[in-house]
Amino acid sequence: MVFALKVETFGWKMVWFRAGSSATKLAVRRILNQGTRTPRYLPSQNRSFHSTLYRPNPQSAASAPVPRAVPLSKLTDSFLDGTSSVYLEELQRAWEADPTSVDESWDNFFRNFVGQAATSPGISGQTIQESMRLLLLVRAYQVNGHMKAKLDPLGLEQREIPEDLDLALYGFTEADLDREFFLGVWQMSGFMSENRPVQTLRSILTRLQQAYCGSIGFEYMHIADRDKCNWLREKIETPTPWRYNRERREVILDRLAWSTQFENFLATKWTTAKRFGLEGGESLIPGMKEMFDRAADLGVESIVIGMSHRGRLNVLGNVVRKPLRQIFSEFSGGIRPVDEVGYTGTGDVKYHLGTSYDRPTRGGKKIHLSLVANPSHLEAADSVVVGKTRAKQYYSKDLDRTKNLGILIHGDGSFAGQGVVYETLHLSALPNYTTGGTIHIVVNNQVAFTTDPRAGRSSQYCTDVAKALSAPIFHVNGDDVEAVVHACELAAEWRQTFHSDVVVDLVCYRRFGHNEIDEPSFTQPKMYKVIKNHPSTLQIYHKKLLECGEISQQDIDRIQEKVNTILNEEFVASKDYLSKTRDWLSTNWAGFKSPEQISRVRNTGVKPEILKTVGKAISSLPENFKPHRAVKKVYEQRAQMIETGEGIDWALAEALAFATLVVEGNHVRLSGQDVERGTFSHRHSVLHDQETGEEYCPLDHLVMNQDPEMFTVSNSSLSEFGVLGFELGYSMESPNSLVLWEAQFGDFANGAQVIFDQFISSGEAKWLRQTGLVVLLPHGYDGQGPEHSSARLERYLQMSDDNPYVIPDMEPTLRKQIQECNWQIVNATTPANYFHVLRRQLHRDFRKPLIVMAPKNLLRHKDCKSNLSEFDDVQGHPGFDKQGTRFKRLIKDQNDHSDLEEGIRRLVLCSGKVYYELDDERKKVGASDVAICRVEQLCPFPYDLIQRELKRYPNAEIVWCQEEAMNMGAYSYITPRLWTAMRSLRRGDMEDIKYVGRGPSAATATGFYTFHVKEQAELVQKAIGKEPIS
């Protein structure tokens, strides 16, 4: 029997307890040190990657009050909850006199200790206090051993060793080093496990330093889960240090040689090229390869990788196996990729490109690797990788999330400084976003571009943000390649065991500047003086292997010669290399058309019987389900709409679009803040039983045995950047899914502007990656003030790449205009049109992002309704034309005008909900000589339909009307395109386009409701009134 302790985190204290006891480490230290103060740690002002120790004033320490002995009346306190060593001794005397006089936990402790001492004569002199002090010493190494670890390969950081790791603090002296002690603790692992033999203090201390103060610094004691901590202790606190055999060392050497010689080769051939090389961090490559091998052995079949530019070419060539000749060709200027259709895009710099490869592992398995393309915006790809990984898990039926893994490679400055890192970490345990853990590798250069850590973060380590997730962190010296390999393997094992995030902090250096033509000595002269004379990781490993005698110089020369021969052969082959763009595309997208391939326009109507069937399913609730009475009324109204086929509102139209796509076999996923109910309480896709709290989603019950994730609607965390990136990555995995992200209000989307700018709007042009992601941005002027009115439509239109002065081929059934544009932007005004534009996303053989200016007050507007016949495919029904039922890019005037109306004096073109206000004003004043047309699809611009309306009204004054300010909204985008259409018909000049709307403004809208009403009335009256518009 041994005494029993259990370790967990409680509040801010470290608590040791068995069963129900509650005692704090702080109290223990007061017991054992009789008032000795614990040193306080503060961030250092000259920190490199560690904190230094702050020592309190000795006088103040000496004046600290010594705790007084506690009376015997207090002896019923719980185990270790005392305040002095006298108290502990009094407890023991009381227990010896009467075991029932003390708390049960103390009874168990003394009983076990006495039993162990009696059966182990060699430790008969070990007192209770010494046992406690020794346990605290071990605990100190577990908590703070990393502060003593040899992590900096340059040796620049002179750190003071925390007093916690000083033997003297625990009352031990040199005379105690060869005494034997027992450390066994019930339900603990590692050094404290009860099956460890009796050891001398010297051997205990030596092994503690080997385990915690070598080339790896472990941080894991912030994790509250005892089983996880014990698992790590078993891996770290082994009886003898880990060591690789000769075979493994030769593999590690080979991989390190490839990493190093690849960079040397590039530096020799292209001396002035930017390549953001890995010099100083070459051990990343063997570490990643061993991590992948171990992950494959543990069941991983596919890995998605995200990283910035530092070391990216090395990872592409040596890990993901992008052809070296292709990389060399890109360095030589290369040529644009060619194939049978010339799908080339604009391209991107070589250190931003991605690729994929099926890589054999050391264990004889194959693992699919995908490196996601990235912009220069550090960490922007983080959530994209996680979203793509989650999608892979869905499509491969990876329910336990062990076959598909995401790996993110970060920089030290960006991991600490970029907010999207925390946004992505924060998704890790959310049910509809978790991937079963991501492995994070930080390539820690100990300097950002030119910024020292003391100016780049407030935390002790750049990885401290990961502690919020209770993720273990392995700091490792990048010059010890075997330690790097060990840490990477351990990270893979953790992820596959506990399905949660883990961090490897690869502490290395950057041999050159931010790039190879940068001069780092301007800002880090001391560091780069050391770096100049510092041997490479490969040279250090050569020396180690030669000294141990396991590998000869001939072995080293043979490996180097092999690598150099292959590099030179690939360089020669690069001169004739022609890349194929289809090599960049994943197999899930086979058969989808590029912009150069003609795609037919398809019908999006649905058979009436299917509409009725799914309509009943999505408007019905289980008999015993008790929703909120207001929600119950909503569903009753929806059932009535389906029954009568009339008055279909926005929410029901959306639900019908989702439902019909699901029954056709497509995956639908909608996420964003509050999307389950809807910001404006209109969607109610997830209902809550008012008595039991049970949830029910009608769209999960459309077909028999429906996959619970086939339709997914999920409230997200309060994040835009991270969540939108996640959904983008999700949408990129397979074209057979409708993936939507909805902003709470449209203007909140600017929190994710990087994703719009660098990925959604330009990703296909740069990286040939299509996506059908739908973005819903609530937009409209309702008097809610500057932050809840505009979705900033002008920004998305400004990023559109269609030429405003050239009318493309507009053949109605083979329209390439939309394929050649970078994305689509719509502002639909009817539920039916919204239904069709959503379905259109999947009913075509190419994919384009769709930006929707989603309505707010139209959700319940009396006139914003559609009939069910507008959703079907029956000839003769409203919405049916000679090609079938589909999204209307422009809705003509609803007054049944003929093809030629010479009596119309004004043609008002508008978009969005202002149409209904214009129509009300027209009816109010009887302006039958005014025509109003709605431009539902703003981008790409519907030239053919605009021309049709210009021909219909040959004598009309042409007006663009919008709610937004003149410098916002669609005006700047519409004007040149409208003029191009007019010019083609010889219909006037740019000055003939009249503007009606708010004047220029810095803020999007007024904050005064009465002023908003006045502005809105004035612009509507001006657009319809008889006075000419100047």
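Let's start with helix H7 and helix H16. H7 covers residues 226-236, and H16 covers residues 481-498. Helices here are DSSP runs of H or I with at least four residues, strands are runs of E with at least two, and both are numbered from the N terminus. The axes of H7 and H16 come within 12 Å and cross at roughly 150°. An axis is a line fitted to C-alpha atoms, for helices over the stretch in contact, and angles run from 0 to 180 degrees between N-to-C directions. H7 and H16 are therefore roughly antiparallel to each other. On the cut-offs: under 35 degrees is roughly parallel, over 145 roughly antiparallel, 65 to 115 roughly perpendicular, and the rest oblique.

A word on the source. This is a predicted model, where local features need pLDDT of at least 70 and side-chain atom pairs count only at pLDDT 80 or more, while totals for chains, interfaces and linings use all residues. Residues are numbered from 1 along each chain as its sequence is written, and side-chain values use heavy atoms, with hydrogens and water left out.

Back to the pair. H7 passes H16 in a right-handed crossing. Who makes the contact? From H7 come Asp 227, Lys 228, Trp 231, Leu 232 and Lys 235. From H16 come Leu 490, Glu 493, Trp 494, Thr 497 and Phe 498. Contact means heavy atoms within 4.5 Å. By class, the contact of H7 with H16 has 5 nonpolar, 1 polar and 4 charged residues. Nonpolar is Ala, Val, Leu, Ile, Met, Phe, Trp, Tyr, Cys and Pro; charged is Asp, Glu, Lys and Arg; the others, Gly among them, are polar.

Next, helix H21 (residues 629-644) and helix H22 (residues 650-663). They pack at an angle of about 70°, with axes 11 Å apart. That makes H21 roughly perpendicular to H22. The crossing of H21 and H22 is right-handed. Arg 638, Met 641 and Ile 642 in H21 meet Ala 651, Leu 652 and Leu 656 in H22. That contact has 5 nonpolar, no polar and 1 charged residues.

Now the whole chain. It has 32 helices and 31 strands. Of its 1030 residues, 60% count as buried. Buried means under 20% relative accessible area, exposed over 50%, and partly exposed in between, with a 1.4 Å probe and protein chains only. Take contacts between residues at least 6 apart in sequence: 79% of them join residues at least 24 apart.

On to aromatic rings. How many aromatic pairs are there? The count comes to 26. Rings of Phe, Tyr and Trp (its six-membered ring) pair if their centres lie within 6.5 Å; planes under 30 degrees apart are stacked, over 60 edge-to-face, and the rest tilted. Phe 265 and Phe 328 have ring centres 5.2 Å apart and planes at 35°, so this pair is tilted. Phe 265 lies in helix H8 (residues 246-269) and Phe 328 in helix H11 (residues 324-331), so the pair ties together parts 63 residues apart in sequence. Phe 265 is buried at 8% relative accessible area, and Phe 328 is buried at 0%.

Tyr 915 and Tyr 916 form an edge-to-face pair: 5.2 Å centre to centre, 70° between the planes. Tyr 915 is buried at 5%, Tyr 916 at 6%. Ring pairs also link Tyr 212, Phe 218, Tyr 220 and Phe 474 into a cluster.

Thr 712 lies in strand E19 (residues 711-715). Thr 712 is buried, at 4% relative accessibility. Leaving aside neighbours within four places in sequence, Thr 712 contacts Asn 432, His 667, Val 668, Arg 669 and Leu 670.

Met 147 sits in the loop between helix H5 (128-144) and strand E6 (180-181). Met 147 is buried too, at 4%. Gly 217 is 70 residues away along the chain, yet its C-alpha atom is 7.4 Å from that of Met 147.

Val 686 is in the loop between strand E16 (667-672) and strand E17 (687-688). Buried or exposed? Val 686 is buried, at 11%. Its C-alpha atom is 4.7 Å from that of Cys 697, 11 residues along the chain. Not counting residues up to four places away, Val 686 touches Glu 676, Glu 695, Tyr 696, Cys 697 and Val 713.

Technical notes: A crossing is left-handed if the near helix is turned anticlockwise from the far one by less than a right angle, and right-handed if clockwise.
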